[in-house]
Amino acid sequence: MANPFRKMLRGADVAQRKTPFIAFPYAVMKKFGDDKAGMLAALIAYYGFLSLFPLLLVLFTVLGLVAGNDPSIEHKVTHSALSQFPIIGNQLGSNIHALNKSGPVALIIGLAGLLWGAQGVSQAGQHAMAEVWSIPMAERPSFFSRLGRSVLLFGVMGVFLLISTALAGFSTFGSHSSSLGLPVKIAAIVVSVGVNALMYLLAFRILTPKQISFREFRSGAIV
């Protein structure tokens with residue numbers, strides 16, 4: 001005698017396959033569970049948190065070097081940004097000044113060490129992409145390839161951070177003009193959306209194994 005519970009499940013499965021608006025979310029949830037995406041997301045979040053301090057330290061150190069000839073600009077940049085991090089702000093500030101006062105060799109070694117410590121989040125992202133796309137272990141990028149992708153990812157994120165900052169400044173400048181305020185704000189929003197979409201596309205391309213074509217992940221990256 002057939003199990004009535006299994007018969008009911010089989011009937012529900014047949015019904016959901018025939019109903020696209022039910023089949024699609026069910027397939028997404030099934031894929032999410034099969035790939036253990038929850039664990040992968042937690043891994044990225046964990047390493048992302050650990051990478052936050054060294055990445056911020058690198059960012060503010062570079063900003064301090066760029067604005068080193070103008071103490072007032074350096075003070076405004078570091079203190080305005082550091083004020084957003086009440087727990088680690090003081091530690092960041094003290095370490096920034098220590099790095100800026102060191103010699104060029106020590107500075108390069110320090111920045112390289114910080115980048116090495118921060119690349120855990122990119123390594124976790126690459127691992128997650130390889131798992132989601134079911135790339136066999138033997139076909140996954142080598143250690144040095146993953147390391148190069150991490151450096152490239154940080155470089156891309158840094159460039160887009162500068163672009164976003166410039167757009168924010170442009171929008172603020174336009175808001176002070178009575179005649180150009182609204183058009184400038186709208187243009188800044190549209191450009192920002194495009195810049196963010198491009199950033200995600202590039203980040204997905206860097207993190208995703210080369211076996212996966214751009215066409216296969218572009219929709220997911222934009223969404």
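In this predicted model, the count of salt bridges comes to three, where a salt bridge is taken to be a side-chain nitrogen of Lys or Arg within 4 Å of a carboxyl oxygen of Asp or Glu. One of them joins the side chains of Lys 30 and Asp 34, with 3.1 Å from N to O. Both of these residues belong to helix α2, which covers residues 20-34, and they stand four residues apart, or about one turn of the helix. Lys 30 has a relative accessibility of 42%, and it therefore counts as partly exposed, since that class takes in the values between 20% and 50%.

Another salt bridge links Asp 35 with Lys 31, and here the closest N and O atoms are 3.1 Å apart. Lys 31 is partly exposed, with a relative accessible area of 39%, whereas Asp 35 is buried because its relative accessible area is 13%, and buried means under 20%. Asp 35 is located in the loop between α2 and α3. If its neighbours within four places in sequence are left aside, Asp 35 is in contact with Leu 40, Glu 131 and Val 132.

The next feature to look for is the largest pocket, which holds about 1500 Å³ of space. Its lining is made up of 42 residues, and those that lie nearest its centre are Leu 153, Met 157, Tyr 200, Ala 203 and Leu 207. The elements that give two or more residues to this lining are α2, α3 (37-66), α7 (120-132), α8 (143-175), α9 (181-207) and α10 (214-222). Of these, α3 gives the most, with eleven residues. By residue type, the lining of the largest pocket divides into 34 nonpolar, five polar and three charged residues. At least three lining residues come from domain 1 (36-134), and at least three from domain 2 (141-222).

With a relative accessible area of 24%, Phe 204 is partly exposed. Its contacts, leaving aside its neighbours within four places in sequence, are Met 129, Phe 217, Gly 220 and Ala 221. For one of these, Gly 220, the separation from Phe 204 is 16 residues in sequence and 9.1 Å in space, C-alpha to C-alpha.

Stepping back to the protein chain as a whole, its secondary structure comes to ten helices and zero strands, so that, by the numbering of helices from the N terminus, the elements run α-α-α-α-α-α-α-α-α-α. The chain has 223 residues, of which 27% count as buried. Among the contacts in the chain with a separation of 6 or more, 67% are between residues 24 or more positions apart.

How values were computed:
Residues are numbered from 1 along each chain as its sequence is written. This is a predicted model: local features need pLDDT of at least 70, side-chain atom pairs count only at pLDDT 80 or more; totals for chains, interfaces and linings use all residues. Side-chain values use heavy atoms; hydrogens and water are left out. Buried means under 20% relative accessible area, exposed over 50%, partly exposed in between (1.4 Å probe, protein chains only). On a 1 Å grid over the protein atoms alone, a cavity is a set of points where a 1.4 Å probe fits but cannot get out, and a pocket is an open set with protein on both sides within 12 Å along at least five of seven lines; lining residues have an atom within 4 Å of a point. Grid points are joined across faces, edges and corners, and a volume is the space filled by probe spheres set on the points. Ala, Val, Leu, Ile, Met, Phe, Trp, Tyr, Cys and Pro count as nonpolar, Asp, Glu, Lys and Arg as charged, and the others, Gly among them, as polar. Domain bounds come from an automatic or database domain assignment. Contact means heavy atoms within 4.5 Å.
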